[in-house]
Amino acid sequence: MTELAITARGLTRRFGELTAVDHIDLSVEKGRIFGFLGPNGSGKTTAIRMLCGLLTPSEGEVAVLGRSIPAEAEKLRLEIGYMTQKFSLYTDLTTLENLRFMARVYGLAHGQRRQRIDEVLQQFGLTELRDRQLHAMSGGQRQRVALAVATLHRPTLLFLDEPTSAVDPQNRRDFWEKLFDLSEAGTTILVSTHYMDEAERCHRLAILERGKVRRDDSPQALMAALEGRVVEVSGSGLRALREQLMARPDVVSAAQQGSRLRVLFDEETTAPLDRLQAAAQHQTCQLARPNLEDVFMAATAGERR
Ligand SMILES: Nc1ncnc2c1ncn2[C@@H]1O[C@H](COP(=O)(O)OP(=O)(O)OP(=O)(O)O)[C@@H](O)[C@H]1O
């Protein structure tokens, strides 16, 4: 049987009238990278804060690393790492000063601190930046420092809340390579994002929208489930065609990408290619491989209608 690092049943958080997280169920396997994909305000941060024990649920059961949360949250403190969306380190201190300070906060034994700090400096490519103040670093460099700090005490579970929102694509790729190194070494990672390319890298993904989990599976399985429902149209007159298609009940979404229009049909539609070709007589239509954006549109279609 696979071991679970996190289980949540019916996890809910209300803020007054608003239900920010609405009865979500989660099972996160140990050693895997689990993603929360959702737009702003979908409840990712609120869910993560409850799983860390920083926010009390309104309803629901949560167990993290075998401990009941929030009752046993204090015992979890040294077993988890948390990197928040907002940068939370001291920007007027250097990398080394931040690491030394946090090593004390985590209660690392005096004799181990230096060795462990040297290890993370090397692991995250920070040796040359050890004496630089954080305000004089790029977004990508700072995120590396934040990840080094979050893993300094060797947590077995890492919560990363939109860790790369201020980072360019190359640095995002490098950051993800570090996450895979950590995952291979046995660390469980729960990461929230609104980038499709990041979501696609996760072993498993929960798509959140308005506080609910709309889909929960591997990215590959989620995309495979849409096989045969996505058609691409090329040719002229795509703007007018899009408008016409968006009015149809069998079309979930129609989005232009360069000189193509990508059309997603709903589940019940049979032979979408033939249907579209009938509507787009002056254009060329062909079936396309579903991507995560299509999955996201399909998962949230009910809400938009
Ligand atoms: N302390 C709070 N008091 C009142 N409302 C809150 C509070 N925290 C979050 N919310 C609301 O709950 C909803 C979910 O917010 P949350 O921050 O969890 O979403 P998110 O998916 O993390 O979005 P973002 O990427 O913008 O942070 C939002 O409508 C937000 O305004």
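Where is Arg-210 found? Arg-210 is in the loop between β9 (204-209) and β10 (212-217). Helices (H or I, at least four residues) and strands (E, at least two) are DSSP runs, numbered from the N terminus.

This is a predicted model, in which local features need pLDDT of at least 70 and side-chain atom pairs count only at pLDDT 80 or more, while totals for chains, interfaces and linings use all residues. Residues are numbered from 1 along each chain as its sequence is written, and side-chain values use heavy atoms, with hydrogens and water left out.

## Overall

The protein chain holds 12 helices and 14 strands. Its C-alpha trace spans about 75 × 45 × 40 Å along the principal axes. Of its 305 residues, 47% count as buried. Buried means under 20% relative accessible area, exposed means over 50%, and partly exposed lies in between (1.4 Å probe, protein chains only).

## Backbone exceptions

Most residues other than glycine have a negative phi, and most peptide bonds are trans. Arg-210 has a positive phi of about 45° although it is not a glycine. At 55% relative accessibility, Arg-210 counts as exposed. Leu-65 also has a positive phi, near 50°, and is placed in the loop between β4 (59-64) and β5. Leu-65 is buried, with a relative accessible area of 16%. The peptide bond from Ile-69 to Pro-70 is cis, with omega near 10°. Pro-70 belongs to the loop between β5 (67-69) and α2 (73-76).

## Strand β13 and its partners

Strand β13 (residues 260-265) has 5 of its 6 residues buried, so it is largely enclosed by the rest of the structure. Two strands pair if DSSP finds at least two bridges between them. Strand β11 (residues 230-234) pairs with β13 in the antiparallel sense over 5 bridges, and Val-233 stands opposite Leu-261 in β13. Strand β12 (residues 251-257) is joined to β13 by 6 bridges, and these two strands run antiparallel. Gln-257 has Arg-260 of β13 as its bridge partner. The hairpin of β12 and β13 has 2 residues between the strands, and Gly-258 there takes a positive phi near 60°.

## Helix α11

In helix α11 (residues 292-299), 6 of the 8 residues are buried, so the helix is largely enclosed by the rest of the structure. The buried residues of α11 are Leu-292, Asp-294, Val-295, Phe-296, Ala-298 and Ala-299. At the start of α11, a side-chain oxygen of Asn-291 reaches to within 3.1 Å of the backbone nitrogen of Glu-293.

## Ligand site

The ligand is surrounded by 13 residues, the closest being Gly-41, Lys-44, Thr-45, Thr-46 and Glu-162. A residue is near a molecule or strand if one of its heavy atoms lies within 4 Å of it. A polar contact is a pair of N or O atoms within 3.5 Å; within protein, one must be able to donate a hydrogen and the other to accept it, and residues adjacent in sequence count only if both atoms are side-chain atoms.

| Residue | N or O atom in | Distance to a ligand oxygen |
|---|---|---|
| Ser-42 | backbone | 3.0 Å |
| Thr-46 | side chain | 2.5 Å |
| Glu-162 | side chain | 2.8 Å |

## Pocket and cavity

On a 1 Å grid over the protein atoms alone, a cavity is a set of points where a 1.4 Å probe fits but cannot get out, and a pocket is an open set with protein on both sides within 12 Å along at least five of seven lines; lining residues have an atom within 4 Å of a point. Grid points are joined across faces, edges and corners, and a volume is the space filled by probe spheres set on the points.

The largest pocket contains about 520 Å³ of space. It is lined by 24 residues, and the closest to its centre are Gly-81, Tyr-82, Met-83, Met-102 and Tyr-106. At least two lining residues each come from α2, β6 (80-83), α3 (95-105) and α5.

A search of the whole structure finds 1 cavity of 30 Å³ or more. The largest cavity is lined by Gly-140, Gln-143, Arg-144, Thr-164, Val-167, Asn-171 and Phe-175. Two or more lining residues come from each of α5 (139-150) and α6 (169-184), and α5 gives the most, with 3 residues.
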